[in-house]
Amino acid sequence: MPEATLVENLKNGDKKAISRIVEQHTAVLLRGALGQGWSPNDAEDLVQETFVTLLKAVQRFEGRSTVRTFLFGILYRKAKERGRKKAREQATDPIDAVFERRFGFMGQWSAPPKGPDEETLGRETAVLIGDCMEALVPAQRAAFHLKEVDRQDNAAICNILDVTATHLRVLLFRARNNLRECLERKWEARE
Amino acid sequence: MILTNCKEMAARGTRGEFDDASWFTRLLVRAHLLMCRHCRRFKAQMELISAEARQRADDLLEPARLADFKRKLVRRLGR
């Protein structure tokens, strides 16, 4: 069923359309909320609130974005409201200085990356990455999740997180380098 | 733009600037990677992090709980 038809049916309160939208989007939304570090119960609450908000707002939905992007936008706004008391995104991040120190004045590696190389990359990383993800600030985590896990395009991510393309690149730079630095420390500790 | 050094490779790569780069830029990236084992390692580690993050996200979803939650959602939203 084309998305426009599905939205029209939702506007008319069609129960089959509700079932379909729940079937299509619940897993990705839940994965997004869990990926942000919410507990399973909180993640389910957030996803439920997201669908409730969609149904309230569907009359105003004009199809300028996809339903999925629209839902993710609601989810991340709700998550932000809940997490408002937590640390806010800082204008600077210590990773910027850490990254700078990796290179000499000609831009060559002065402290090359340590840890496994492409021939020995192992599955053990899966165990370690959870802690490193949790250490990321929410905005970096959200950007990384949408880009790498959900593989959404940059325009959709900017729309969902309400950030500019330049800010998104900063968030991705910090998220990826924070994760790699964190993993490198863990790899080294294991040696 | 010519990729002159490792720092630029790592910075632009992690900002995602090579995702939709021109064929010429991609050629320069490939050439740099052929010559630089540190950048190859850096890139491989970044790819591993993405792959493991995807795997971890899938592992967090419990199929039985998800199916139950979907049923509850449809009931609640359909009222």
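Predicted model: local features only at pLDDT ≥ 70, side-chain atom pairs only at ≥ 80, totals over all residues.

Reader: Which element gives the largest share of the lining of the second largest cavity?

Author: Helix 9 of chain A does, with three residues.

Reader: How many cavities of 30 Å³ or more does a search of the whole structure find?

Author: The search finds two. The largest cavity has a volume of about 90 Å³.

Reader: Which residues line the largest cavity?

Author: From chain A, the lining residues are A:L30, A:L34, A:P40 and A:E44; from chain B, they are B:L60, B:L61, B:E62, B:R65 and B:L66. Helix 2 (15–35) and helix 3 (40–57) of chain A, along with helix 4 of chain B, are the elements that give two or more residues to this lining. By class the lining divides into six nonpolar, no polar and three charged residues.

Reader: Next, pockets. How much space lies in the second largest pocket?

Author: A pocket is an open set of points, whereas in a cavity the probe cannot get out. The second largest pocket has about 660 Å³ of space. It is lined by 21 residues, and those closest to its centre are B:G13, B:F18, B:D19, B:K43 and B:E47.

Reader: Which elements supply at least two residues of the lining of the second largest pocket?

Author: They are helix 7 (138–149) of chain A and, from chain B, helix 1, helix 2 (23–35) and helix 3. Helix 3 of chain B gives the most, with seven residues. The classes in this pocket lining are eight nonpolar, three polar and 10 charged residues.

Reader: Now the two chains. How should I read the area that chain B and chain A bury between them?

Author: The size of an interface is often given as the accessible area lost when the parts come together. For chain B and chain A that area is about 4,500 Å², and 65% of it is on carbon and sulfur atoms. On the side of chain B, the residues that lose the most area to chain A are B:K7, B:R56 and B:L77, together 14% of what that side buries.

Reader: How many residues of each chain are in contact?

Author: In chain B, 41 residues are in contact with 57 residues of chain A.

Reader: And polar contacts: what is the count between chain B and chain A?

Author: There are 19 residue pairs in polar contact between them, counting pairs with both residues at pLDDT 80 or more. As for where the touching side of chain B comes from, helix 1 (6–14), helix 3 (37–60) and helix 4 (63–77) of chain B each supply at least two of its residues. Helix 3 gives the largest share, 19 residues. By class, this side has 19 nonpolar, nine polar and 13 charged residues.

Reader: How many salt bridges does the rule find across the interface of chain B and chain A?

Author: The rule finds eight across that interface. One to look up is the pair B:K7 and A:E100, whose side chains meet at 2.6 Å, N to O. Over all chains, the structure holds 28 salt bridges. The pair B:K7 and A:E100 crosses between chains, from helix 1 of chain B to helix 5 of chain A.

Reader: Last, how many helices and strands does chain A have?

Author: Chain A has nine helices and zero strands. Its C-alpha trace spans about 60 × 35 × 30 Å along its principal axes.

Terms used:
Residues numbered from 1 in each chain as written. Chains lettered and ligands numbered in written order. Heavy atoms only, no water. Contact = heavy atoms within 4.5 Å. Buried area = accessible area lost by both parts, 1.4 Å probe. Salt bridge = Lys/Arg side-chain N within 4 Å of Asp/Glu carboxyl O. Polar contact = N/O pair within 3.5 Å; in protein donor to acceptor, adjacent residues only side chain to side chain. Helix = DSSP H or I, 4+ residues; strand = E, 2+ residues; numbered from the N terminus. Nonpolar A, V, L, I, M, F, W, Y, C, P; charged D, E, K, R; others polar. 1 Å grid on protein atoms, 1.4 Å probe; cavity = no way out; pocket = protein on both sides within 12 Å on 5 of 7 lines; lining within 4 Å. Points joined across faces, edges and corners; volume = space filled by probe spheres on them.
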